[in-house]
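Work through the exercises below with the model open beside you. Try each task before reading its solution.

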Amino acid sequence: MSRNISVIQATHVSKRFGKKTVLEDISLEVRPAETFGLLGPSGSGKTTLVKLLTGIDTVSGGEVRVFGTVMPKLGMMRSIGYMAQSDALYNELSAWENLQFFAALYGLKGARRKMRIQEVMEIVDLSGHLHKRVDQYSGGMKRRLSLAIALLHEPPLLVLDEPTVGIDPLLRQSIWGELKALNEKGTTILMTTHVMDEAEKCDRLGMIRGGSLLAVDTPEALIAQAGKRSLEESFIHYGGGES
């Protein structure tokens with residue numbers, strides 16, 4: 001695929017639930033092999049937008065394309081690794097059994113399945129807990145297992161909704177190293193965050209507040225354009241929060 005073709009293209013996207021509009025006129029593109037961050041406070045519409053971009057939910061207006069295909073499209077799910085904000089795990093099963101289940105969904109078999117399970121559990125530092133039941137995992141361990149599952153089938157597009165909430169700083173740093181290594185290999189990453197130091201690690205950011213896209217650019221450019229000293233100050237500026 002050409003690096004000039006957008007991996008995700010959202011055009012004038014809106015989403016309504018009944019009479020309530022939660023996203024309005026969102027247009028953005030995510031480019032190949034970049035980490036694109038959606039930055040905004042809780043309730044700003046980040047998770048809703050991610051669900052539209054991955055085809056989990058349908059738009060009320062506008063259009064979403066992923067790899068040129070109009071979403072939603074069930075067949076696209078094998079091209080997307082999705083880590084939801086709420087862990088979608090089978091708590092009564094072990095981590096290994098969860099990984100086996102999702103590997104089968106993604107069509108991984110035999111030696112390759114076994115190798116990928118080992119690799120992703122090493123990435124999230126859970127190799128020693130592979131056969132522990134998930135209901136014995138801490139919240140942070142469950143987040144890490146969810147990330148491992150999203151990585152399992154080596155998708156060209158990785159979508160992560162608040163991926164490092166509850167994960168200790170050292171492991172967060174390690175996970176970011178892995179994400180950047182995936183970028184180098186050609187994987188495109190879309191993630192949501194409300195943490196400024198994580199937002200600064202993204203190649204480009206879309207700032208969201210109140211269901212509207214305030215600005216899109218590199219973190220450095222957003223700070224410079226706002227005439228501020230930090231990303232947090234810039235976010236307040238773009239959101240009209242200054243007196």
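The model is predicted: local features need pLDDT of at least 70, side-chain atom pairs count only at pLDDT 80 or more, and totals for chains, interfaces and linings use all residues. Residues are numbered from 1 along each chain as its sequence is written, and side-chain values use heavy atoms, without hydrogens and water.

**Exercise 1.** Find the order of the 4 strands in the open sheet, and name its edge strands.

Solution. Start with the terms. Strands (E, at least two residues) and helices (H or I, at least four) are DSSP runs, numbered from the N terminus. Two strands pair if DSSP finds at least two bridges between them. The order is S2-S1-S4-S5, with antiparallel pairing. The edges are S2 (20–30) and S5 (69–70), each of which pairs on one side only. Now look at S1 (residues 8–17) and S4 (residues 61–66): they are joined by 5 bridges in the antiparallel sense. There, Gln9 faces Arg65 of S4.

**Exercise 2.** Describe strand S6 (residues 80–83): which way do its residues point, and are they buried or exposed?

Solution. Buried means under 20% relative accessible area, exposed over 50%, partly exposed in between (1.4 Å probe, protein chains only). Ile80 and Tyr82 point one way. Gly81 and Met83 point the other way. All are buried. Next, find the partner: S6 pairs with S7 (residues 157–161) in the parallel sense over 4 bridges. Met83 is opposite Leu160 of S7.

**Exercise 3.** Classify the ring pairs that link Tyr90, Phe101 and Phe102 into a cluster.

Solution. A pair of aromatic rings is described by the distance of the centres and the angle of the planes. Rings of Phe, Tyr and Trp (its six-membered ring) pair if their centres lie within 6.5 Å; planes under 30 degrees apart count as stacked, over 60 as edge-to-face and the rest as tilted. The count is 3 aromatic pairs.

- Tyr90 and Phe101: the centres are 5.2 Å apart and the planes at 80°, so this pair is edge-to-face. Tyr90 lies in the loop between S6 and helix H2 (95–105) and Phe101 in H2, so the pair ties together parts 11 residues apart in sequence.
- Tyr90 and Phe102: at 6.5 Å centre to centre and 35° between the planes, this pair is tilted. Phe102 also lies in H2, 12 residues from Tyr90.

Finish with accessibility. Tyr90, at 36%, is partly exposed. Phe101, at 35%, is partly exposed. Phe102, at 14%, is buried.

**Exercise 4.** Which ring does the charged end of Lys201 sit over?

Solution. Apply the rule: NZ of Lys or CZ of Arg is within 6 Å of the ring centre and within 35 degrees of the ring normal. The ring is that of Trp176, with the charged end of Lys201 6.0 Å from its centre.
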